[in-house]
Amino acid sequence: MSTSPRSPHGGTVLQVGPLKSSLAQILRDDYAAYVLPDEADGRGEFLSTHGQEITAVVTSGRTGVDAGLMSALPKLGAIVNFGVGYDTTDVDAAAERGVAVSNTPDVLTDCVADTAVGLMIDVMRQFSAADRYVRAGRWPVDGMYPLTRQVSNTRVGIIGLGRIGSAIAKRLIAFGCTISYHNRHRIDDSPFEYVSSAEELAGRVDVLVVAAAGGPGTRKLVDRKVIAALGVDGYLVNIARGSVVDEEALVEALRAGRLAGAGLDVFADEPNVPEELSAMDNVVVLPHVGSGTVQTRAAMEALTLRNLESFLATGALVTPVPMPAKASG
Ligand code: 8YV
């Protein structure tokens, strides 16, 4: 079995899960990266033959690296994640093994914030539904489209006032919106009102925007009670992770008319979207396109490669994620 570096940049690289095609090609052509087979049989054979060689993995938030895969890669030093969210990677297991993890922050903030505002306008003004109305030839037959809800000057609550949450707030300030937020911690120098629970925040606003990181700490943070507090005139916008919202409770509330509408870029079981959501005109469903522009994806690709190259050359990542402290003993 070969243990000498396979990549001309040093180390041996493994691609885990599908990646942007130009990135996958660079990994293959310039880094001589292996690709982890999808099917269980091929994967087992690949790992027993090559698992010992791998020093760096490149993956995305869609796939990630779990503890089982990490244990089959004993020389792994870094997991380089394409995307800001890395909830599909087991960071506790990575910390235990001394494996560093990087993501692609900042470069996608503007596009994801644009998407949140776009979803908010779309769901409140019903542009997608009104577009369908025109295309279905209903305007000359049924007359003017029903009136919708004003976006400017509304009260918006943001769950997760990090980079993306703050960029959403900045945009909505220009719309005259009043911003308040809920976060793990109060942000000392924030100009916005901090609300200590998601439920209380939901009860105070017209629109609740979810911008919190996914993972076990935020699982179903927007639960039945939060949705009930948002109420019949409230709108939910989610550009974070489907796991942050109790999707079943959301569908039930929308079906019963207990929520005015929802704008969703992310879902609990992507790419599967509950049929009921797709059928409602007061719901806008997008196929997880938050960062999906040519410019932003190119910047994400470049930052992913900078992290990989830096790790292979120096052992340090450019944009490492904060790691949990190693369990003692
Ligand atoms: C990406 C995202 O589409 O960055 C993230 O966390 O959700 C999106 O920007 C996705 O992770 C790429 O696979």
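I took two strands as paired if DSSP finds at least two bridges between them. The model I worked on is predicted.

**Entry 1: the sheet with β6 to β12**
I looked up the strand order here. I read 7 strands in an open sheet, ordered β8-β7-β6-β9-β10-β11-β12, with parallel pairing. I then checked the edges. β8 (193-194) and β12 (283-285) each have a single partner strand, so one side of each lacks a neighbour in the sheet. Next I followed β12 to its partner. Strand β11 (residues 261-264) runs parallel to β12, and 3 bridges join them.

**Entry 2**
I found 5 strands in an open sheet, in the order β2-β1-β3-β4-β5, and the pairing is parallel. The edge places go to β2 (34-35) and β5 (100-102); each has a single partner strand, so one side of each is left without a neighbour in the sheet. Strand β4 (residues 78-82) pairs with β5 in the parallel sense, over 3 bridges. Within this pairing, I noted A78 opposite A100 in β5.

**Entry 3: surface charge**
Which residues gather in a patch of negative charge on the surface? I listed D38, E39, D41 and E45. I looked further into one of them. E45 lies in helix α2 (residues 40-50). Is E45 buried or exposed? I got a relative accessible area of 57% for E45. The cut-off for exposed is over 50%, so E45 counts as exposed.

Note on methods:
Residues are numbered from 1 along each chain as its sequence is written. This is a predicted model: local features need pLDDT of at least 70, side-chain atom pairs count only at pLDDT 80 or more; totals for chains, interfaces and linings use all residues. Side-chain values use heavy atoms; hydrogens and water are left out. Helices (H or I, at least four residues) and strands (E, at least two) are DSSP runs, numbered from the N terminus. Patches are made of residues with over 30% relative accessible area and no salt bridge: like charges are joined within 9 Å, nonpolar side chains (Val, Leu, Ile, Met, Phe, Trp, Tyr) within 5 Å. Accessible areas come from the Shrake-Rupley method with a 1.4 Å probe; for residues, only the protein chains shown count as cover. A salt bridge is a side-chain nitrogen of Lys or Arg within 4 Å of a carboxyl oxygen of Asp or Glu. Lys and Arg count as positive and Asp and Glu as negative; His and the chain ends are not counted. The place of a charge is taken as NZ of Lys, CZ of Arg, CG of Asp or CD of Glu. Buried means under 20% relative accessible area, exposed over 50%, partly exposed in between (1.4 Å probe, protein chains only).
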